[in-house]
Amino acid sequence: MKQLPKLFFTFLLIMFFGCTGFSQEKAIASDQRYIFFFHNGFIEQNDLSVAHPEYGKAEYNEILDSYRKDNFIVFSEIRKKDTDVHKYAKKVVKQIKGLLKKGVSPEKITVIGTSKGGYIAQYVSTYLANPEVNFVFIGCFRDVDIEEWPDINFCGNILTIYEQSDVLGVSAIRRKETSKLKVNHFKEVELYTNLKHGFLYKASDGWIAPSKKWANGNYE
C-alpha cells in the first residue's frame, strides 16, 4: 500500500474501510465517473514484485494509473489471500449503493474485473441487479461456468473482453443468454495478442482502451 499515491489511498480508504471523508461535492458532480477495479488472482497470492513464471509481473499500479490519467476516480485494493468471491462482491454492492444514495448516477459507475476479479465483478452485477451500471468482464468466462457458477446473472451494461489464445476466458454470449436479469447493452471484444491469459497482466490499451470507452458511456 505504500506505493499508492496519497490521493488514491484516501479514496481507497473511503470505499473499502468506511472513512467519513468522502465529499458530497464529489459524489454529486454530474460529470464525474467512477471505476471499481478488481485485479486477478495472482496478485491476491503474491507480492507485486513477484513475476508470474509465464506471464511476467502483473502491472496493477500501471493499470490504475491509466484510468486515473483519464480522470476516473478509481476504487481498488489488493485483496487478502483466498478472498471469498461472494462475500467480497456483496461488500462492494453496499459501497456502490452508498454512492447511488449520495446522488451518483448509476451510468457513471463502472465495475471492471480481470480473471478472478472478473468473477467478483460478475457477482456484483448479479447482486446489485441495476441495469444502468456499467460492467467490464475481462478474461473471466469459460463454457463450464454455466454449470460451475449457475447463480451468476448478468445485469447492466455489459462489455466482455477476451483473448483468442486464452483458454481461461472465451466469449460469454452463453452467459448472457442464460441470464434472467436485464442487460441494456452487451458487447464483446476479442483480442489477438497471442499472450494467452497473460494479456490481462499488462497495462495494455488493447483491453484498457475499450473499457474506458465503456465507462464513458460509449456502448457502440
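Helix 4 (residues 60-69) lies across strand 1 (34-38), strand 4 and strand 5, and runs at about 170° to strand 1. Here, helices (H or I, at least four residues) and strands (E, at least two) are DSSP runs numbered from the N terminus; contact means heavy atoms within 4.5 Å; and angles, from 0 to 180 degrees, are taken between the N-to-C directions of axes fitted to C-alpha atoms, for helices over the stretch in contact. The model is a predicted one, in which local features need pLDDT of at least 70 and side-chain atom pairs count only at pLDDT 80 or more, while totals for chains, interfaces and linings use all residues. Residues are numbered from 1 along each chain as its sequence is written, and side-chain values use heavy atoms, leaving out hydrogens and water.

Taken as a whole, the protein has nine helices and eight strands. Of its 220 residues, 51% are buried, meaning under 20% relative accessible area with a 1.4 Å probe and protein chains only (exposed is over 50%, partly exposed in between). Among contacts with a separation of 6 or more, 78% come from residues 24 or more positions apart.

Six of the strands form an open sheet in the order 4-1-5-6-7-8, with parallel pairing; two strands pair if DSSP finds at least two bridges between them. Strand 4 (73-75) and strand 8 stand at the edges with a single partner strand each, so one side of each has no neighbour in the sheet. On average, neighbouring strands of this sheet are turned by 15° against each other, direction ignored.

Strand 6 runs parallel to strand 5 (residues 109-114), to which five bridges join it, and Gly-113 has Phe-137 as its bridge partner. Five bridges also join strand 6 to strand 7 (residues 156-163), again in parallel, with Ile-138 partnered by Ile-161.

Strand 5, helix 6 (residues 116-128) and strand 6 make a right-handed β-α-β unit; right-handed means that, with the strands pointing away from the viewer, the path from the first strand over the helix to the second runs clockwise. Helix 6 lies across strands 1, 5, 6 and 7, at about 145° to strand 5.

His-197 is found between strand 8 (183-191) and helix 9 (205-215), and counts as buried because its relative accessibility is 6%. Beyond its neighbours within four places in sequence, His-197 is in contact with Tyr-55, Ser-115, Gly-139, Asp-166 and Leu-168.
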